[in-house]
Amino acid sequence: MIPYLARLLDITMKNVTLSGDWKKATLIPIHNGSDRSLITNFRPVSLTSVVCKQMEHVIASYLRQVWDKNYLLYVGQHGFRPGYSCESQVITVCQDIADSLDNRDRIDAIITEFSKTFDLFPHGRLLTKIANSGVDSRVVVWIREFLLGRTQRIRVGGHLLEEVRGTSRDPQGCVLGPLLFLAYVLSYKSYVGSSDF
């Protein structure tokens, strides 16, 4: 299957288009175990094209290679990166606090909550940041096509609701989502001091 998938990716890169089926998602609400009467106690999971997910893996691998090679991701970013985890972040923070206490240094903390970031971010700004990170322009166009013109519908039990167009978010659970999040919220070295961050 790999040669066929590679050829398909090559075609989508050259034609600057993605199949409409790749942009469709069926949302399934997954209950988190709390009160079922509150909609906030359900997490939406998108069922999307398996072939498109394979393409996303290739694009994601390429993005990681470029950003790692150019040292564009902040060294303290532990989420959504291979070899890092929530645990490694906690250990790092605890060690920094212990070192500061040992040195009798002042400790300040700012906590930022990003849970709804992908519901609100403008695609144009994200694509500009990705383009300025050294990524091949064809990949930027592929990501643009991936994000734009998406449709989704919700399935509850055996019922499918009407299909609607997505506006400013990626499909929940997509492969590229975490990397696009990093691209949007993290400052690249070339953006230090930019008001866009």
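In which helix is the place of Thr 12? Thr 12 lies in helix α1, which covers residues 2–15. The structure is a predicted model, in which local features need pLDDT of at least 70 and side-chain atom pairs count only at pLDDT 80 or more, while totals for chains, interfaces and linings use all residues. Residues are numbered from 1 along each chain as its sequence is written, and side-chain values use heavy atoms, with hydrogens and water left out.

The protein chain contains seven helices and five strands, taken as DSSP runs numbered from the N terminus (helices H or I, at least four residues; strands E, at least two). Their order along the sequence is α-β-β-α-α-α-α-α-β-β-β-α. Of the 197 residues, 32% are buried (under 20% relative accessible area, with exposed over 50% and partly exposed in between; 1.4 Å probe, protein chains only).

Thr 12 counts as buried because its relative accessibility is 7%. The side chain of Thr 12 reaches the backbone oxygen of Leu 9 at 2.7 Å. Apart from neighbours within four places in sequence, Thr 12 is in contact (heavy atoms within 4.5 Å) with Thr 17, Trp 22 and Trp 142.

Helix α3 comprises residues 86–102 and includes Val 93. With 17 residues at 1.5 Å a residue, α3 should span 24 Å, and its end C-alpha atoms are 24 Å apart, which agrees; the expected span is 1.5 Å times one less than the number of residues. After α3 comes Arg 104, with a positive phi near 60°. Val 93 counts as partly exposed because its relative accessibility is 38%.

How values were computed: A polar contact is a pair of N or O atoms within 3.5 Å; within protein, one must be able to donate a hydrogen and the other to accept it, and residues adjacent in sequence count only if both atoms are side-chain atoms.
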